[in-house]
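Here are a few exercises on reading a protein structure, each with a worked solution. Try each task on the model before you read on.

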Amino acid sequence: MRKEEDAMTDKIVNIYSTQTWPWCHRAKEYLSRKNIPFNDFDVNKDREKASEMIKKSGQMGVPVIEIGGEIIVGFNQAKIDELLAK
């Protein structure tokens with residue numbers, strides 16, 4: 001039987017972020033502390049990913065966090081935990 005935390009790492013986690021916004025850093029630090037691997041897309045440098053982020057979220061603000069195909073706009077620790085636990 002796997003531990004719950006091991007099961008959480010099976011989900012694909014993407015973060016659309018910028019290098020300068022503090023909430024992006026907090027979101028990435030939180031996932032790192034939980035040992036959750038993630039893909040980080042810098043939307044200031046990658047216009048294609050910026051367009052993808054807007055299409056998925058309807059928002060231009062960062063961070064946009066995608067967990068298993070579900071979208072979170074902003075750093076919402078409770079929602080991150082909820083989606084990782086599903």
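**Exercise 1. Which residue of β3 does N14 stand opposite?**

Solution. Keep in mind that this is a predicted model.
- Start with the two strands: β1 covers residues 13-17 and β3 covers residues 64-67.
- Next, look at how they are joined: 4 bridges link them, and the strands run antiparallel.
- Now find N14 and look across to β3: the residue opposite is E66.

**Exercise 2. Work out the strand order of the sheet, and explain why one side of β2 and of β4 is left without a neighbour in the sheet.**

Solution. 
- A reminder to begin: strands in a sheet pair through backbone hydrogen bonds, in a parallel or an antiparallel way.
- Read across the sheet: its 4 strands come in the order β2-β1-β3-β4, the pairing is mixed, and the sheet is open.
- Look at the two ends: β2 (39-42) and β4 (70-73) are at the edges and have a single partner strand each, so one side of each has no neighbour in the sheet.
- Finally, check the twist, which averages 20 degrees from one strand to the next.

**Exercise 3. Find the strands that helix α2 lies across, then decide where the buried residues of α2 fall around its axis.**

Solution. 
- Place the helix: α2 (residues 22-33) lies across β1, β2 and β3, and runs at about 160 degrees to β1.
- Compare with α3 (residues 47-57), which touches β1, β2, β3 and β4 and makes about 110 degrees with the direction of β1.
- Return to α2 and list its buried residues: C24, A27, K28, Y30 and L31.
- Look down the axis of α2: these buried residues fall within an arc of 155 degrees, so they line one face of the helix.

**Exercise 4. Is Q19 buried, partly exposed or exposed, and which residues does Q19 contact beyond its neighbours within four places in sequence?**

Solution. 
- Locate Q19 in the loop between β1 and α2.
- Take its relative accessible area, 43%, and compare it with the cut-offs: under 20% is buried and over 50% is exposed. Q19 is therefore partly exposed.
- Setting aside neighbours within four places in sequence, Q19 is in contact with H25 and D42.
- Look at the side chains of Q19 and D42: a polar contact of 3.5 Å joins them.

Technical notes:
Residues numbered from 1 in each chain as written. Predicted model: local features only at pLDDT ≥ 70, side-chain atom pairs only at ≥ 80, totals over all residues. Heavy atoms only, no water. Pairing = 2+ DSSP bridges. Axes fitted to C-alpha atoms, helices over the stretch in contact; angles between N-to-C directions. Contact = heavy atoms within 4.5 Å. Buried < 20%, exposed > 50% of the residue type's maximum accessible area, 1.4 Å probe, protein only. Arc of directions from axis to C-beta. Polar contact = N/O pair within 3.5 Å; in protein donor to acceptor, adjacent residues only side chain to side chain.
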